[in-house]
Amino acid sequence: MVRELASLKARLFWNGIRADRQRRIGLPLIAALVGWLSWTLATRHADHLSTLSGAARSEYLAWAALIVFVAWVALPVVVFPLDENLDAQQLATLPIPRPRLVAGLIAAAVISVPIIALVALVGTTVAYRPSALLVSLPAGAVFVVMAIAGSQGFTTVMSAVLHSRRGRDLAVFVIMGIGLASFSGYQLVRTTVAEMGVAAAAVAHPLDSLWWLVPPVAPAHAISAAWDGRWVTAVVALVVAAIWTLLIVAGWERVLRWLLVTPRQESAPASARRKVGFSRGRWEVPFIVARKELRFYLRDPRQRLVWTGTVIFVGLAIAAIVVGSAGLARFQDRHWLPMVAPVLVLMVGLPIALNQFGWERNAASYLFALPARPRAVIMGKNLAATTGLLLETLFLGSLLSWFSSSWRWMPLLLPVAIGAIGCLLAVGNIVSILAPLRLPREGTDMFAQATEQGLLALVSQVVSFFTIGLLLVLPASVTVLTVDFGQVVSPWIAGAFAVGWGAFWYGLSLGVSGWLLHRRVPEVVGWVQVY
Amino acid sequence: MVITSIDHPFDDVTPAVWTRDLVRKFGKKNAVDGLDLSIRPGEFYGLLGQNGAGKTTTIRMIVGLLRPTSGSTGIGEFDTWKSPLEVKKRIGVLPEEFNLYERLTGAELLDFTAAMHDVPKKEAVARRDDLLAMLDLEADAGKLVGDYSRGMRKKVALAAAIIARPPVLFLDEPFEGVDAVSARLIRRLLSRYTELGATIVFSSHEMHLVEKLCTRIGIMSHGKLLVEDTPAGLCRRMGVETVEDAFIAAVGGEDEEKKSLPWFESSPA
């Protein structure tokens, strides 16, 4: 059964490449990118292993194992999916004993692109001392299984949380908490390493002694012990690591069992409170589409998550200040701090702006069967995004003004934000039509997404972000001249220039994207449709 | 719900729905292969075929959701690919139930659709309330479509397709999962709608419904139109009693019926 599920995943992977041109183009690119990243990480890891010795090396390896494990578990939920999970729900009706199902899902998860990074890091560690292969090889394998089981178990737990109405409402906060914790942890590690160096930082914060308590540290301890010739300790640690892995797998299996037999809780009581009806105000298509979009921002858990990204950013900054590790406290007396708001909001708006039709999912075929000019549909979506982004800018700007006790730039904030949003949407509209990304159908596992689609989203966002950044160089420079160089340019001129600049690029893009969408409706519908 | 006559834009010469030498290839396979359809205004046209015959592909091309490899499609005087907006103003499409906006409530979905069709607000609200009441969805009007049962989704999708009273309706399996009471209501409503001049293109595997409702039937196989006639004409032509038998005869299903699974014909283990 394990072999069958692994080959099912391989078949799905291969068929996906064969059937989808976007995947055919994207996969080699993504594989190259992940390969390069893995190589970089692995060589740095090898450098650390060879330069450190004794306790420092053991502590370093323990920390490395913990960080890789946490990243592997948290990233699919916080940032983007690392793996296209086989949908356990689809396998639920088959007579597969659950332990085998779980083992099969783990084996299937190995067939993915990002696994290259995990294997590269573990492989580097295992290959460091061939004389310890007897322990390091099984310990490395146990660590890989532990990371995969942990990651899949965690996404299953998150899916279980979303299974209930209350869970769906709380999901944003749960994920925000994970994001906050991860970022704060990252900041702590980064600044500590920057201040003390890897060796001193590792020794100053011992973790290796807790190997029996912290699951991912156990295999690392087994390897360290084997390198030092402490074979009995190594074997004991290996056994403990295996027991931890089994416990994680068993926990995942229990959640999966619950998830497969518990019907999804309907949100009738919540939605029944909603007012019956939709129509109010003007009927023009952009307004109708915008109103529909705004409703989805609030009701779709994934979109809600994107929109609360700003809150997460602010939370991260505050958390970093509270833990006193990022040195961000020095920004507290910067009068220009509120002007950071549009930059943060732009990052939050990227997933929405760059994949406007992907968010339609299967309903795209409904939308495009309605009598609306493509340009009006784009304008409606842009109107909703602009409303959301401006509200967030205002909220964030006010928060940062309060934090820095500087309110003087608040009037300039809105025009600069409008200019920035204009540039964001100018790029976003074109990218949304030329390279829409497929998202999972509503009501299914919100973390399930094709590997290369998840990573492609990241790549297209990075590339588009640089393009948007390029467009913003001029208005940003004018704003900086106004804000940070004693008002060389009057705030009025800076504001008007930002609005004009954004409007120019937006107008240009709207014309092109309206024309493009008019010609590409079937392609867009085909790309975003999930069967 | 009282329906008055339909303001359709078609004269007696121009077909309400047409395809000309329509071809759609998926890889090397011709899903639709040189299809010529001409459906007159006021017809209740049944488009039949086995799974994969090309019915849904044809409908998706006519409504502008799938680009043909070659050939053309249109509604009345308008070509789908030259005047998509004019075509979409004149059609109502019953989408597959999972293609609806799952995070709009039933009432909101109807309002949204009516608004996009430019139905005046007051009129839209009145029609919405009538439809919800008639389809027994009133109590669930404030529930998200994603939380509807399959039958309820079908009903709200049908309501959305007809709320703007388009002159042409495309209905793909409209009665799947719908309870018997609602199904009878919908049947009566649709029949009345065609009497008033609307054109309905109806795709279903429920042959008794096709026989009862359709004024003309086209049977497709492997992307081609095999035969086209009235239900009675079809039965006459095939020398059979029912549309189901005519369909099976047309697609060569009699040969299929002779197939067997010897291993399946023993008592279960």
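In this predicted model, A:Glu523 is found in helix α21 of chain A, which spans residues 491-528; helices here are DSSP runs of H or I with at least four residues, strands are runs of E with at least two, and both are numbered from the N terminus. A:Glu523 counts as partly exposed because it has 16 C-beta neighbours inside 10 Å, given that a residue is buried if 20 or more other C-beta atoms lie within 10 Å of its own, exposed if 12 or fewer, and partly exposed in between, with C-beta atoms placed from the backbone. The C-alpha atom of A:Glu523 is separated by 43 Å from that of A:Gly251, the two residues being 272 apart along the chain. Residues are numbered from 1 along each chain as its sequence is written, while chains are lettered from A and ligands numbered from 1 in the order in which they are written. The model being predicted, local features need pLDDT of at least 70 and side-chain atom pairs count only at pLDDT 80 or more, whereas totals for chains, interfaces and linings use all residues.

Chain A has 21 helices and zero strands, and 47% of its 531 residues count as buried. Of the contacts in chain A between residues at least 6 apart in sequence, 83% join residues at least 24 apart, a contact being defined by C-beta atoms, placed from the backbone, that lie within 7 Å. Helix α16 (residues 340-353) and helix α18 (residues 374-404) of chain A pack at an angle of about 150° with their axes 9 Å apart. This makes α16(A) roughly antiparallel to α18(A), since angles over 145 degrees count as roughly antiparallel, under 35 as roughly parallel, 65 to 115 as roughly perpendicular and the rest as oblique. Axes are lines fitted to C-alpha atoms, for helices over the stretch in contact, and angles run from 0 to 180 degrees between N-to-C directions. The contact involves, among others, A:Val340, A:Leu344 and A:Val348 of α16(A), and A:Leu389, A:Glu392 and A:Leu396 of α18(A). By class, this contact comprises 12 nonpolar, three polar and one charged residues, where Ala, Val, Leu, Ile, Met, Phe, Trp, Tyr, Cys and Pro count as nonpolar, Asp, Glu, Lys and Arg as charged, and the others, Gly among them, as polar.

In chain B, four strands form an open antiparallel sheet in the order β2-β1-β4-β5, two strands being paired if DSSP finds at least two bridges between them. Strands β2 (29-39) and β5 (78-79) of chain B stand at the edges with a single partner strand each, so one side of each is left without a neighbour in the sheet. Strand β1(B) pairs with β2(B) in the antiparallel sense over eight bridges, and B:Thr19 has B:Leu37 as its bridge partner in β2(B). The hairpin of these strands has two residues between them, and B:Gly27 takes a positive phi near 65° there. Five bridges join β1 (residues 17-26) to the antiparallel β4 (residues 70-75) of chain B, with B:Ser70 in β4(B) as the bridge partner of B:Val23. Helix α1 (residues 55-62) of chain B lies across β1, β2 and β4, running at about 115° to β1(B).

Helices α3 (residues 106-116) and α5 (residues 150-162) of chain B pack at about 20° with their axes 9 Å apart, and are therefore roughly parallel to each other. Their contact is made by B:Gly106, B:Leu109, B:Leu110 and B:Thr113 of α3(B) and B:Val156, B:Ala159 and B:Ala160 of α5(B), which divide into five nonpolar, two polar and no charged residues.

Methods:
Contact = placed C-beta atoms within 7 Å.
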